[in-house]
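Reader: Got a model to go through. Can you walk me through the pockets first, then a few residues?

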Amino acid sequence: TSKGKLKNLQVFLKPFYFWEAKKIKYEELTSYKRADVNLAVLQKEASYIKDVSGKPCFVVPNGVDLAYFSFKQKKIDEKKKTILFIGNFTYFPNVDGVKFFYEHVFSKLASEGIELLIVGKNAGALTFLRNDTRVKTYDFIQDIRDAYYTADIFVSPIRIGGGTNFKILEAKACGVPVIAFTQRAEGIGAKDGKE
């Protein structure tokens, strides 16, 4: 079966991913130590970089243009709800996140009245979504704000990686509620159920 072949491929690729991760970690540590000063987007990351490098590390505040990503009142449609995910799908953590969300959450939701809108580079290549008519994928849209303004909920199911997800800030600025893992919203300082 194709699932069996995929599992065999994953077993075969596991050592490759392990060595690739070790190589990236080595390159990061080397870069931190070569720099006179390092920059990070989270205090937790800055503390780690300072500890491993012995060099100063400063946090750069994050933000988005609130004049461009502005709040827009949405007309509520009780019969249709749109869940939005935006990302570059040549980046493995985004592919992993959308696959996780689709398999563990979206596929279990009631089939009528809910759609999943996925926007970003290579979104059309997400083959595991092709047979679900409730999923729409766009590799590119002219104005990304249109995606936010049509969404009822923005999801950020990213499980791997660090830093601040600017898409969360953009969604919040446009007035779209956000569902994310706690660690994805860490650098924003948002409190659950408040912001």
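Reader: Which residues lie nearest the centre of the second largest pocket?
Author: Val-178, Ala-185, Ala-190, Lys-191 and Asp-192 lie nearest the centre, out of 16 lining residues. On a 1 Å grid over the protein atoms alone, a pocket is an open set of points where a 1.4 Å probe fits, with protein on both sides within 12 Å along at least five of seven lines; lining residues have an atom within 4 Å of a point. This is a predicted model, where local features need pLDDT of at least 70, side-chain atom pairs count only at pLDDT 80 or more, and totals for chains, interfaces and linings use all residues. Residues are numbered from 1 along each chain as its sequence is written, and side-chain values use heavy atoms, with hydrogens and water left out.

Reader: How much space lies in that second largest pocket?
Author: About 350 Å³. That volume is the space filled by probe spheres set on the grid points, which are joined across faces, edges and corners.

Reader: Which elements each supply at least two residues of its lining?
Author: Helix H5 (166-173) and strand E7 (178-180). E7 gives the largest share, three residues. Helices (H or I, at least four residues) and strands (E, at least two) are DSSP runs, numbered from the N terminus.

Reader: How does the lining divide into nonpolar, polar and charged?
Author: Eight nonpolar, two polar, six charged. Ala, Val, Leu, Ile, Met, Phe, Trp, Tyr, Cys and Pro count as nonpolar, Asp, Glu, Lys and Arg as charged, and the others, Gly among them, as polar.

Reader: Back to H5. Which of its residues are buried?
Author: Ile-168, Leu-169, Glu-170, Ala-171 and Ala-173. Buried means under 20% relative accessible area, exposed over 50%, partly exposed in between (1.4 Å probe, protein chains only).

Reader: And what covers them?
Author: The cover includes helix H4 (144-150), strand E6 (153-156) and E7. Contact here means heavy atoms within 4.5 Å.

Reader: What follows H5?
Author: Gly-175, with a positive phi near 90°.

Reader: Which residue other than glycine has a positive phi?
Author: Asn-122 is one, with phi near 75°. Most residues other than glycine have a negative phi. Asn-122 sits in the loop between strand E4 (114-119) and strand E5 (135-138).

Reader: Why does Asn-122 count as partly exposed?
Author: Because its relative accessibility is 35%.

Reader: New topic: Thr-82. Where does Thr-82 lie?
Author: In strand E3, residues 81-86. Thr-82 counts as buried because its relative accessibility is 3%.

Reader: What does its side chain make a polar contact with?
Author: The side chain of Glu-115, at 3.2 Å. A polar contact is a pair of N or O atoms within 3.5 Å; within protein, one must be able to donate a hydrogen and the other to accept it, and residues adjacent in sequence count only if both atoms are side-chain atoms. Leaving out residues up to four places away in sequence, Thr-82 touches Glu-115, Leu-117, Thr-150, Ala-151, Asp-152 and Ile-153.

Reader: Lys-75: buried or exposed?
Author: Exposed, at 75% relative accessibility. Lys-75 is in the loop between strand E2 (57-59) and E3. Its C-alpha atom is separated by 9.3 Å from that of Thr-150, 75 residues apart along the chain.

Reader: Now the whole chain. How many helices and strands?
Author: Five helices and seven strands. From the N terminus on, they run α-β-α-β-β-α-β-β-α-β-α-β.

Reader: What share of the residues count as buried?
Author: 31% of the 195 residues.
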